[in-house]
Amino acid sequence: MPELKDTQEAVYVYGPWIRIWHWVQMFAILALGITGYLIGSPPESLSGEAYDHYQMGYIRYIHFVAAYALIIGFIVRIWRAVVGNRHSREIFAPPLWRKSFWVEVWHEIKWYAMIVKEPKKYVGHNPLALLAMFFLYVLPTVFLIFTGLALYGEGTGMGSWQYDWFSSWIIPLMGQSQDVHTWHHMAMWVLVCFVITHVYVAVREDIMSRQSIISSMISGWRQFKDDRPAEDEIK
Ligand code: HEM
Ligand code: HEM
């Protein structure tokens, strides 16, 4: 990948793996959120034999299929963070130790609150987005994967990799199975808050910011709406 220049009209930011991962995990999380909610608050029981309707069976089946899609997608995403361009590492390592990063975060808060009128220009994610992606997406997703596999290991039982690698230490660490359910459930709501905000902001920034947003996650290219230099971009 060539060195990025501030005055370039378009920069290739998101490679195909990241784009495919993003949209696959969007569908996976949608399915996990709906089925997870229904596992926690099940619909009324149906009369007749369970095998005639298999209601909870299908709900749990979809949850587990989507869970494996999420896990495989996340492993692919980590691989891309290791071998991909510098933007592919951004969400895993926000530069929290840098004062300039927090100054930029404060500016973005004011921009989102419509206090400042001039948006800055970013090739990668803006610092506030980065902060939200790390604390409200990356960490909760890792937590959901770990606690989810711990719950899953209860079904597959002792001797299975899910039990040995996850259930065996996560369940005692949290207390008992019901505690893991509760924490797993609460992490879902963190992710729901992230997704609602993320979609609002993606649409808002697509309209109001100085660069392309939604189309960048489809084509991979970031285009700029003006040719003023991106002196504000975090290096
Ligand atoms: C975005 C990710 C995920 C969300 C939003 C989510 C959500 C939920 C929710 C809300 C519950 C119900 C908890 C309760 O109230 O008892 C649940 C249960 C469960 N989840 Fe997830 N989950 C996710 C990822 C995973 C993953 C990666 C696995 C791994 C296999 C997993 C496995 C399970 C299992 C085994 C249960 C318990 C099912 C049962 O007791 O019948 N989940 N999930
Ligand atoms: C479950 C739903 C979703 C989750 C968990 C999610 C998560 C994420 C994450 C983690 C990133 C950072 C990508 C990276 O650098 O690796 C991202 C970027 C992005 N997402 Fe989503 N997303 C979801 C749904 C959506 C939807 C529905 C849209 C469209 C409206 C969208 C639009 C975008 C865009 C445009 C970017 C790139 C932002 C930028 O270039 O700064 N996302 N998303």
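Tyr-54 lies in the loop between α2 (50-53) and α3, where helices (H or I, at least four residues) and strands (E, at least two) are DSSP runs numbered from the N terminus. The model is predicted: local features need pLDDT of at least 70, side-chain atom pairs count only at pLDDT 80 or more, and totals for chains, interfaces and linings use all residues. Residues are numbered from 1 along each chain as its sequence is written, chains are lettered from A and ligands numbered from 1 in the order in which they are written, and side-chain values use heavy atoms, with hydrogens and water left out.

**Loop residues with positive phi**

- Most residues other than glycine have a negative phi.
- Tyr-54, although not a glycine, has a positive phi of about 55°.
- Tyr-54 counts as partly exposed because its relative accessibility is 45%; buried means under 20% relative accessible area, exposed over 50%, and partly exposed in between (1.4 Å probe, protein chains only).
- Met-114, also not a glycine, has a positive phi of about 65°.
- The loop between α4 (99-112) and α5 holds Met-114, which counts as partly exposed because its relative accessibility is 47%.

**Iron site in ligand 1**

- His-63 and His-184 coordinate the iron atom of ligand 1, each through NE2, at 2.1 Å. Donors are N, O and S atoms within 2.8 Å of the metal (3.2 Å for Na, K and Ca), and water is not among the atoms, so sites may look incomplete.
- This pair links distant parts of the chain, with His-63 in helix α3 (residues 55-83) and His-184 in helix α7 (residues 177-208), 121 residues apart.
- His-63 is buried because its relative accessible area is 11%.
- His-184 likewise counts as buried, with a relative accessibility of 16%.

**Surroundings of ligand 1**

- Of the 22 residues around ligand 1, those that come nearest are Arg-60, His-63, His-181, His-184 and His-185. A residue is near a molecule or strand if one of its heavy atoms lies within 4 Å of it.
- A polar side-chain atom of Arg-60 is 2.6 Å from an oxygen atom of ligand 1; a polar contact is a pair of N or O atoms within 3.5 Å, and within protein one must be able to donate a hydrogen and the other to accept it, while residues adjacent in sequence count only if both atoms are side-chain atoms.
- A side-chain N or O atom of His-185 lies 2.6 Å from an oxygen atom of ligand 1.
- Two or more residues of the shell around ligand 1 come from each of α1, α3, α5 and α7.

**Surroundings of ligand 2**

- Ligand 2 is surrounded by 21 residues, of which Tyr-14, His-22, Arg-77, His-125 and His-198 are the closest.
- Arg-222 places a polar side-chain atom 2.8 Å from an oxygen atom of ligand 2.
- The elements α1, α5 and α7 give two or more residues to this shell, and its largest share, 6 residues, comes from α1.

**Helix α1**

- Helix α1 (residues 16-40) has 25 residues and reaches 35 Å from its first C-alpha to its last, close to the 36 Å expected; the expected span is 1.5 Å times one less than the number of residues.
- Its buried residues include Trp-21, His-22, Gln-25 and Leu-32.
- Elements covering the buried residues of α1 include β1 (10-12), α3, α5 (127-156), α7 and α8 (216-219).

**Overall fold**

- The protein has 8 helices and 2 strands, in the order β-α-α-α-α-α-α-α-α-β from the N terminus on.
- Its C-alpha atoms fill a box of roughly 65 × 35 × 30 Å along the principal axes.
- Buried residues make up 41% of the 235 residues.
- Among contacts (heavy atoms within 4.5 Å) with a separation of 6 or more, 63% join residues 24 or more positions apart.
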